[in-house]
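The exercises below concern charged side chains and the surface of one protein. Work each task on the displayed coordinates before reading its solution.

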Amino acid sequence: MPEQEQKGSAEPEERVLISGRVRKSVRRRMRLYAAANDENLQDLLDKALDEYLSRRKS
């Protein structure tokens, strides 16, 4: 997924900075998954949060 791309959107959506902390073990799993799937952490986090919220109809 190209940077700033939004599902079903013709124009890329602007990215904004958020701040939060995750457990060290979660960051390690994210980094391993991202590397194994040729993906950057920013895109992985964006997709993960989007999927989480979509499942909860938010």
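**Exercise 1.** State how exposed K47 is, and find its salt-bridge partner.

*Solution.* K47 has a relative accessibility of 34% and therefore counts as partly exposed, a class lying between buried (under 20% relative accessible area) and exposed (over 50%), with a 1.4 Å probe and protein chains only. Its partner is E39, with the closest N and O atoms 2.8 Å apart, where a salt bridge requires a side-chain nitrogen of Lys or Arg within 4 Å of a carboxyl oxygen of Asp or Glu.

The model is predicted, so local features need pLDDT of at least 70 and side-chain atom pairs 80 or more, whereas totals for chains, interfaces and linings use all residues. Residues are numbered from 1 along each chain as its sequence is written, and side-chain values use heavy atoms, leaving out hydrogens and water.

**Exercise 2.** Which parts of the chain does the salt bridge between D43 and R15 link?

*Solution.* The closest N and O atoms of D43 and R15 are 2.7 Å apart. The pair links distant parts of the chain, 28 residues apart, with D43 in helix α2 (residues 41-55) and R15 in the segment before α1; helices are DSSP runs of H or I with at least four residues, numbered from the N terminus. D43 is buried at 7% relative accessible area, while R15 is partly exposed at 22%.

**Exercise 3.** Describe the salt bridge between R55 and E51.

*Solution.* These side chains meet at 2.8 Å, N to O. R55 and E51 are four residues apart in helix α2, and therefore separated by about one helical turn. R55 is exposed at 63% relative accessibility, and E51 is partly exposed at 42%.

Note on methods
Helix = DSSP H or I, 4+ residues; strand = E, 2+ residues; numbered from the N terminus.
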